[in-house]
Amino acid sequence: MKPAETDGAKRIQALLGDAYTVVEFEESTHSSAEAAAAIGCEVAQIAKSMLFQAADGRGVLVVASGANRVDEKKVAALLGQKIKRATPDFVAESGFVPGGVAPIGHTVPPVTFLDGDLRAHAVIWAAAGSPNAIFRLTPQDLVTLTGAAFADVAKTGAQTGAETGGQTGAQTGGQTGGHTGTKTGA
């Protein structure tokens, strides 16, 4: 683990300020399982950011527990329109690389929903702008940073402790999971 070095991670660190510490790992933290192993936490504590595109073209960000699969029908119902998984190009237009989508710092702020299951943890970890960067925060910090609310977005009975997927953000063929980082003094 080392301080933020990549451009994406340094950008998220600048947005977060001194209250949080973005860290990067040598090993992959692209999937929820990899991130949890690198950090030493439960997969459910990974706040994976999954980017979708609404029928009207807007970005829709779902920050979900790493142990959950997102129920796209539930998200569409909350939004009031159909959604589809974001393409790598759409993710790039949001200011991120697939696997490094953070819950903040989007070029165009997306409509954001937070997985209510994240509230079960005192500490969670989210992606921070690159596939190996994360920061630590609380569920309430996530609400404050994103301006979003918790909602029921998980598929019922679909928790998978070893679900594959990258950091918060983009999906490119599978459910992707997220990194997060460290809050100073926590």
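Is Asp 56 buried, partly exposed or exposed? Asp 56 is partly exposed, with a relative accessible area of 46%. The legends below describe close-up views of a predicted model, and they return to this residue after an overview.

**Figure 1. Overview of the predicted protein model.** The protein contains 5 helices and 12 strands. It has 186 residues, of which 55% count as buried. Among the contacts with a separation of 6 or more, 70% are accounted for by residues 24 or more positions apart. The accessible surface amounts to about 7,600 Å², and carbon and sulfur atoms hold 54% of that surface.

**Figure 2. Helix α2 and its buried face.** Helix α2 covers residues 32-39, and Ser 32, Ala 35, Ala 36 and Ala 38 are buried within it. Viewed down the axis of α2, these buried residues fall within an arc of 165°, so they line one face of the helix. In general, an α-helix has 3.6 residues a turn, so residues three or four places apart point the same way. Strand β4 (46-54) is included in what covers the buried residues of α2. Gly 40 follows the helix and has a positive phi, near 90°.

**Figure 3. The salt bridge between Lys 2 and Glu 26.** The side chains of Lys 2 and Glu 26 meet here, with an N to O distance of 2.9 Å. Lys 2 lies in strand β1 (residues 2-3) and Glu 26 in the loop between β3 (23-24) and α2, so the pair ties together parts that are 24 residues apart in sequence. Lys 2 counts as partly exposed, at 24% relative accessibility, whereas Glu 26 is exposed, with a relative accessible area of 60%. Both residues belong to a network of salt bridges that also includes Glu 5. In the whole structure, a search finds 5 salt bridges.

Figure 4. A salt bridge joins Asp 56 to Arg 58, and their closest N and O atoms are 2.9 Å apart. Arg 58 counts as partly exposed, at 37% relative accessibility, and Asp 56 is likewise partly exposed, at 46%. Along the chain, Asp 56 and Ile 83 are 27 residues apart, while 8.9 Å separates their C-alpha atoms.

**Figure 5. Gln 53 in strand β4.** Gln 53 lies in strand β4 and counts as buried, because its relative accessibility of 17% falls under the 20% limit for that class. With its neighbours within four places in sequence left aside, Gln 53 is in contact with Arg 58, Lys 82, Ile 83, Lys 84, Ala 86 and Phe 90. One of these, Arg 58, is the salt-bridge partner of Asp 56. Another, Ile 83, has its C-alpha atom 8.9 Å from that of Asp 56.

**Figure 6. The salt bridge between Asp 152 and Lys 74.** The closest N and O atoms of this pair are 3.0 Å apart. Asp 152 lies in the loop between β10 (149-151) and β11 (169-170), and Lys 74 in helix α3 (residues 72-79), so the pair ties together parts that are 78 residues apart in sequence. Asp 152 is exposed, with a relative accessible area of 52%.

Notes
Residues are numbered from 1 along each chain as its sequence is written. This is a predicted model: local features need pLDDT of at least 70, side-chain atom pairs count only at pLDDT 80 or more; totals for chains, interfaces and linings use all residues. Side-chain values use heavy atoms; hydrogens and water are left out. Helices (H or I, at least four residues) and strands (E, at least two) are DSSP runs, numbered from the N terminus. Buried means under 20% relative accessible area, exposed over 50%, partly exposed in between (1.4 Å probe, protein chains only). Contact means heavy atoms within 4.5 Å. Accessible areas come from the Shrake-Rupley method with a 1.4 Å probe; for residues, only the protein chains shown count as cover. The arc is that of the directions from the helix axis to the C-beta atoms. A salt bridge is a side-chain nitrogen of Lys or Arg within 4 Å of a carboxyl oxygen of Asp or Glu.
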